[in-house]
Amino acid sequence: MKKVKIALISGTGMKSLIKVNSTRRVGTPYGPSPMISFVNFGEVEVAFLPRHGEAHKYPPHMVNYRANMWALHSLGVERILATSATGAINPDYSVGDLAILKDFLDFTVIRPRTFYDKAPVTHIDLTSPFCPELRKSLLKAAKKKGQKVWDDTTYVCMEGPRYETPAEIKMLRSLGGDIVGMTVVSEAVLARELEMCYACVSFVSNMAAGMQKRITSYEVVEVGRRSTPIIQGLLEEAIRNLPKRRSCPCSYALEGARL
Ligand SMILES: [Zn+2]
């Protein structure tokens with residue numbers, strides 16, 4: 001099987017900007033992955049995985065996250081850079097802002113959240129929930145490009161697919177959440193369980209419930225379309241300045257995790 005070390009995961013938009021070399025679907029113990037594309041990105045070939053499947057057919061709570069992450073792992077992927085659309089909870093954030101995620105709160109309910117349902121009992125450390133090395137490269141890229149990004153963002157993951165209520169947003173704000181989405185945490189946790197690095201650049205597509213009149217999917221798609229070239233530039237530069245070998249805790253996440 002063809003091997004690549006870096007993968008990109010995106011919601012919508014990015015694929016149309018990338019020239020595809022080849023594609024493959026990977027079989028996993030959790031079912032088949034969506035079609036994964038091998039694309040030239042900057043100077044390297046990377047695997048591109050559309051989070052919601054081809055044609056955006058899986059809603060956030062029905063995405064087969066375990067198949068997605070297992071497939072990338074079996075391709076030899078060590079580092080994953082993701083993008084996601086979010087609503088702003090923190091009133092200092094504005095539509096169009098970019099955030100390099102630093103921490104998260106998990107409010108998912110029904111989706112599978114782990115690869116380790118059986119013995120050996122495995123507790124993964126998430127003291128640095130997103131890969132510090134990838135974060136550093138992304139922040140360096142943003143600085144080089146003069147792109148303003150939030151660098152200490154706490155992402156809240158809700159089950160969806162509905163948006164939140166104003167009371168929920170008020171609660172999430174009081175808990176320290178900055179932005180809210182429905183996908184990233186599932187990927188971040190599963191990636192760490194397979195010792196893959198994971199970081200995410202989120203864009204703010206709307207203000208969360210109670211902070212603007214109404215939320216529609218149109219604005220999510222529209223802001224995504226505008227943000228994609230900027231995020232793509234950041235990811236390319238981040239990949240360019242990544243150290244060749246990993247020296248982050250993600251690469252040995254299973255050491256000392258098993259009872
Ligand atoms: Zn890492």
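1. Ground rules. Numbering starts from 1 along each chain, as its sequence is written. The model is predicted, so local features need pLDDT of at least 70 and side-chain atom pairs count only at pLDDT 80 or more, while totals for chains, interfaces and linings use all residues. Helices (H or I, at least four residues) and strands (E, at least two) are DSSP runs, numbered from the N terminus.

2. The core. The largest nonpolar core has 75 residues. Such a core is a set of buried Ala, Val, Leu, Ile, Met, Phe, Trp, Tyr and Cys residues joined through C-beta atoms within 7 Å. Buried means 20 or more other C-beta atoms within 10 Å of a residue's own; exposed means 12 or fewer, and partly exposed is in between, with C-beta atoms placed from the backbone. Ala7, Leu72, Ile80, Tyr198 and Ala199 have the most contacts inside this core. Strand β9 (residues 197-207) gives the most to it, with 8 residues. In soluble globular proteins, nonpolar side chains tend to be buried together.

3. Leu72 and Ile80. Contact here requires C-beta atoms, placed from the backbone, within 7 Å. Leaving aside neighbours within four places in sequence, Leu72 is in contact with Ala7, Ala47, Leu49, Val77, Ile80 and Met196. Ile80 lies in strand β5 (residues 79-88). Ile80 counts as buried because it has 28 C-beta neighbours inside 10 Å. With the same exclusion of neighbours within four places, the contacts of Ile80 are Ala7, Ile9, Leu72, Ala191, Met196, Cys197 and Tyr198. Ile80 and Ile179 are 99 residues apart in sequence, and their C-alpha atoms are 21 Å apart in space.

4. Cys200. This residue is found in strand β9. What puts Cys200 in the buried class? Cys200 counts as buried because 28 C-beta neighbours lie inside 10 Å. Not counting residues up to four places away in sequence, Cys200 touches Ala82, Thr83, Ser84, Leu101, Phe130 and Val184. Cys200 and Val4 are 196 residues apart in sequence and 19 Å apart in space, C-alpha to C-alpha.

5. Helices α1 and α4. Helix α1 (residues 65-74) packs with helix α4 (residues 184-193) at an angle of about 45 degrees, with their axes 10 Å apart. That angle makes α1 oblique to α4. Angles under 35 degrees count as roughly parallel, over 145 as roughly antiparallel, 65 to 115 as roughly perpendicular and the rest as oblique. Axes are lines fitted to C-alpha atoms, for helices over the stretch in contact, and angles run from 0 to 180 degrees between N-to-C directions. Tyr65, Arg66 and Met69 in α1 meet Ser186, Glu187, Leu190 and Ala191 in α4. By class, this contact has 4 nonpolar, 1 polar and 2 charged residues. Ala, Val, Leu, Ile, Met, Phe, Trp, Tyr, Cys and Pro count as nonpolar, Asp, Glu, Lys and Arg as charged, and the others, Gly among them, as polar. How many residues of α4 are buried? The count is 10 of its 10 residues.

6. Helices α2 and α5. The axes of helix α2 (residues 132-145) and helix α5 (residues 217-240) come within 8 Å and cross at roughly 115 degrees. Ser137, Leu138, Ala141, Ala142, Lys144 and Lys145 in α2 meet Gly233, Leu234, Glu237 and Ala238 in α5. By class, the contact has 5 nonpolar, 2 polar and 3 charged residues.

7. Cis peptide bonds. A cis bond joins Ala119 and Pro120, with omega about 0 degrees. Pro120 is found in the loop between β6 (98-107) and α2. The bond from Gly160 to Pro161 is also cis, with omega near 0 degrees. Pro161 lies in the loop between β7 (150-158) and α3 (166-174).

8. Positive phi. Most residues other than glycine have a negative phi, and most peptide bonds are trans. His56 is not a glycine, yet has a positive phi of about 55 degrees. His56 sits in the loop between β4 (44-50) and α1. It counts as exposed because it has 12 C-beta neighbours inside 10 Å. Glu195, also not a glycine, has a positive phi of about 60 degrees. Glu195 is found in the loop between α4 and β9. With 18 C-beta neighbours inside 10 Å, Glu195 counts as partly exposed.

Methods
Two residues are in contact if their C-beta atoms, placed from the backbone, lie within 7 Å.
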